[in-house]
Amino acid sequence: MKNPVVIVGAGLSGLRAASLLIAQGIECIVLEARDRIGGRVLSITDTSRPDLGKFDLGPTWFWPQYESTITNLVKELNLGTFVQYTKGAMLSERSPNGAPERYVLPENSVERSIRIIRGVQSLIDAVADTIPSGIVQLETRVTAIRLDEAGTITVEADLTDGKRKKVSASAVILALPPRIIAQNIEFSPSLTPDIITDLVSKPTWMAGQAKAIAIYDRPFWRESGLSGFATSWVGPLQEIHDASPVTGSGALFGFFGMPAKTRRELGEDKVLKLVIEQLVRLFGTSGQNVKAILYKDWANDSETAVEEDLDPLRDFPSYGQPRKSGYGKRKLFLLVQRRIHNMVAI
């Protein structure tokens, strides 16, 4: 193979594709627009309190009973895991003026989910460790993919210093959200209308979501017999879970019922103020003793979401198999990234 396989996107899908190709002796490079690897996986610490631990602002857990691919990968990479904390009662907030209702769920009514010690970024880093240095090129934004009459594929990319880069490829794997592909990458010759329609019609799972994590010195809610799981019709968080590390600090994270457009209008400071007020309503005055708070609005991430993704999804999309289309003498392979539903999306 004269030219390398070019993989666009250094999230889990792109990195794993690179790792598998390299294991087969196939030359490849990975081009990533962001300044980091991981894509929608984002495990961070609060810079002023790194002692509190690392927390997931992207995917958090997976279900071994359903998702063998991720389970096998975690085992293959020998990553430490622990069971998501679900012991105790859940809370339900049904109205702005009513006290939250407390429910003890029947045993085994909550699906057993698994978390990765030190966050899902540990999975990303472990896959990246199987890839030789220099293969992954960050801050390299692919803008065009061209196929000439001789069958040569050229990938064009913008660099942060204003320069442009061209790479000859034997094939291209696009490990990106489908709508990002359709919106941000020019193809020559153009992709067929049915492929463009197919890409645009595939919403990025939870791209319009945001995640807030309130970190405490300890998981105080457990002392009151609570699991940390709560649902709310009031908001701004619609669903809340225990996000505490194995030991040490405590944390609660939540998914928003508040639409992306409303979050954008309010601004981060106001949104987080409403989050703390809700945690106090649900978990009592201890809920205001926040040591740190983390926030990521994926709807504002241009590498994740387009304008069409701001409308909340009500059901898990059915993506079907990616389309394959002849592209001249060679094939340009579109590996349209499935939502990594092996893990809870964001």
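Q: Where does Asn78 lie in the chain?
A: Asn78 lies in the loop between helix 2 (68-76) and strand 6 (81-83). The model is a predicted one.

Q: What makes the phi of Asn78 worth noting?
A: Most residues other than glycine have a negative phi. The phi of Asn78 is near 60 degrees, a positive value, and Asn78 is not a glycine.

Q: Why are helix 1 and helix 3 called roughly parallel to each other?
A: Two packed helices are described by the angle between their axes and the distance between the axes. For helix 1 (residues 12-23) and helix 3 (residues 121-128), the axes come within 9 Å and cross at roughly 25 degrees. Angles under 35 degrees count as roughly parallel, and helix 1 and helix 3 are therefore described in that way.

Q: Which handedness does the crossing of helix 1 and helix 3 have?
A: The crossing of helix 1 and helix 3 is left-handed.

Q: Which residues make the contact between helix 1 and helix 3?
A: Helix 1 supplies Leu12, Leu15, Arg16 and Ser19, and helix 3 supplies Leu123, Ile124 and Val127. Sorted by class, this contact of helix 1 with helix 3 has five nonpolar, one polar and one charged residues.

Q: What makes strand 10 and strand 14 the edge strands of their sheet?
A: The sheet is open and has four strands in the order 10-2-1-14, with parallel pairing. Strand 10 (136-137) and strand 14 (171-174) each pair on one side only, and that makes them the edge strands.

Q: How do you know that strand 1 and strand 14 pair?
A: A pair of strands needs at least two bridges. Strand 1 (residues 5-8) and strand 14 share four bridges in the parallel sense. Within strand 14, Val172 stands opposite Val6.

Q: In the open sheet with the order 13-12-11-15, what kind of pairing is found?
A: The pairing among these four strands is mixed. The edge strands are strand 13 (164-169) and strand 15, each of which pairs on one side only. With direction ignored, neighbouring strands of this sheet are turned by 25 degrees against each other on average.

Q: How do you know that strand 11 and strand 15 pair?
A: The cut-off is at least two bridges; strand 11 and strand 15 have three bridges, in the parallel sense. Ile145 has Phe187 of strand 15 as its bridge partner.

Q: Why is the contact of Glu186 with Arg146 called a salt bridge?
A: Side chains of opposite charge can pair when their charged atoms come close. The cut-off is within 4 Å, and the closest N and O atoms of Glu186 and Arg146 are 3.2 Å apart. The pair links distant parts of the chain: Arg146 is in strand 11 (residues 140-147) and Glu186 is in strand 15 (residues 186-188), 40 residues apart. The structure holds 18 salt bridges.

Q: What kind of peptide bond joins Ser188 and Pro189?
A: Most peptide bonds are trans. The bond that joins Ser188 and Pro189 is cis, with omega about -5 degrees. Pro189 is in the loop between strand 15 and helix 5 (193-200).

Q: What is the omega of the bond that joins Gly235 and Pro236?
A: Omega is about 10 degrees there, and the peptide bond is cis. Pro236 lies in the loop between strand 17 (226-232) and strand 18 (237-242).

Key:
Residues numbered from 1 in each chain as written. Predicted model: local features only at pLDDT ≥ 70, side-chain atom pairs only at ≥ 80, totals over all residues. Heavy atoms only, no water. Helix = DSSP H or I, 4+ residues; strand = E, 2+ residues; numbered from the N terminus. Axes fitted to C-alpha atoms, helices over the stretch in contact; angles between N-to-C directions. Parallel < 35°, antiparallel > 145°, perpendicular 65-115°, else oblique. Left-handed = near helix turned anticlockwise from the far one by under 90°. Contact = heavy atoms within 4.5 Å. Nonpolar A, V, L, I, M, F, W, Y, C, P; charged D, E, K, R; others polar. Salt bridge = Lys/Arg side-chain N within 4 Å of Asp/Glu carboxyl O.
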